[in-house]
Amino acid sequence: MYWIALKMLTGDRSKYWAIIFGITFACVLIAEQTAMFCGIMLRTTSQIRDIHDADIWVMNPNLRYIDDLKPIADTAFLRVRGVNGVAWAVNLYKGAAQAQLENGNYQSVILLGVDDATLVGSPRELILGKVGDLQLADSVLVDEAGFHYMWPGEPLRLGKTIEMNDHRAVIVGIFKASYTFATQPIIYTRFDRATLFVPATRRSLSFVLAKCAPGERPDVVAKRIRQQTRLQALTQNQFSWLTMSYYLERTGIPVNSGSTVLLGFIVGTAIAGQTFYLFTVENLRQFGALKAMGMSDRRIVRMIFVQAAVVGSIGYCLGVGLATALGLILQAIRPIMSFFLPWQVLVLTGGAVLVIVLLSSLLSIRRLLVLEPGMVFQ
């Protein structure tokens with residue numbers, strides 16, 4: 001029975017490949033756009049994930065996402081240190097600055113100032129230089145992509161100088177960083193130095209980074225910090241979700257990506273459904289002959305589902321493979337492109353393909369269930 005179903009399916013090669021094309025096209029659009037959406041969301045939290053030393057971020061209670069900078073009291077880190085279960089707490093500055101390059105051009109940068117004594121929060125993966133050089137006068141670290149952005153075409157090297165807020169800064173290290181949502185150069189320096197690189201304000205502390213004592217749970221300690229300091233305290237994972245939730249609710253990114261995914265689903269269903277229906281209509285005599293020989297409607301339906309499963313599996317494999325290859329090629333050509341393909345995207349795409357083949361099959365099944373076996377003798 002199943003062998004007959006497969007022979008009927010591949011009998012008309014043009015319609016057979018048309019069905020696979022429709023499913024593959026839908027699969028490529030759904031997987032590609034969903035992976036790009038995941039990549040964009042991941043970039044919104046890149047600076048949170050790049051700081052590995054701390055378990056808890058402490059911030060202004062009204063802060064909505066990582067770039068919604070609302071300073072807190074400069075003594076907040078001392079209050080956090082006094083909370084039971086906190087091993088240590090240090091200050092962290094985050095802000096935007098204008099860097100003047102050697103040729104006189106200006107470039108907006110993301111400025112981060114880490115604790116002067118411990119340098120907690122500094123990048124780990126350095127390409128040139130070392131973190132300890134931040135203790136030198138006027139020293140800063142810049143990310144690799146930011147270096148190429150400010151000095152295109154030049155090889156990586158130390159000693160380049162920039163100026164921020166009329167203060168000189170010397171690049172003593174170059175590090176690898178995750179791409180950010182805004183794709184601006186990232187500069188690290190000491191906290192005290194960072195406050196000189198931007199115009200003076202009454203409050204300069206952006207965040208407090210805290211580490212839990214051994215045996216303490218970060219979420220429990222974060223709750224204690226909130227109760228005792230009246231500041232917002234979140235684990236790294238909670239802060240990441242807070243940031244992503246803001247972009248999901250307040251930007252058009254989900255709508256733009258979702259509309260493309262929906263378009264791919266509709267087009268794939270239309271192509272596969274119409275072609276599958278025409279394929280069934282052209283094989284009505286064969287199905288009628290099978291019913292005339294005693295084959296039940298249930299077995300006929302199983303034949304249709306087998307045919308749908310075959311084209312759905314082939315289309316899914318081709319679609320996911322093409323989407324992955326396309327994403328990797330575009331990232332190799334343009335590293336700034338966001339593309340992240342977790343297993344959840346594969347499951348979502350597989351679910352969409354399953355719905356497409358089921359909808360396509362239902363059109364054919366309805367026609368076959370009302371088919372009169374006697375028509376084969378006409």
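Is F207 buried or exposed? F207 is buried, with a relative accessible area of 0%, where buried denotes under 20% relative accessible area and exposed over 50%, with partly exposed in between (1.4 Å probe, protein chains only). The model is predicted, so that local features require pLDDT of at least 70 and side-chain atom pairs pLDDT 80 or more, while totals for chains, interfaces and linings use all residues. Residues are numbered from 1 along each chain as its sequence is written, and side-chain values use heavy atoms, with hydrogens and water left out.

Aromatic pairs (ring centres of Phe, Tyr and the six-membered ring of Trp within 6.5 Å; planes under 30 degrees apart stacked, over 60 edge-to-face, the rest tilted) number 11. The rings of W57 and F239 form a tilted pair, with centres 5.3 Å apart and planes at 50 degrees. W57 belongs to strand 1 (residues 56-59) and F239 to helix 8, so this pair ties together parts 182 residues apart in sequence; helices (H or I, at least four residues) and strands (E, at least two) are DSSP runs numbered from the N terminus. F239 has 0% relative accessibility and therefore counts as buried. A tilted pair is also formed by F207 and F239, with centres 5.8 Å apart and planes at 55 degrees.

In helix 8, the buried residues are F239, S240, T243, M244, Y246 and Y247. Viewed down the helix 8 axis, the buried residues fall within an arc of 150 degrees (taken from the directions from the axis to the C-beta atoms), and they therefore line one face of the helix. N237 and E249, on the other side of helix 8, are exposed.
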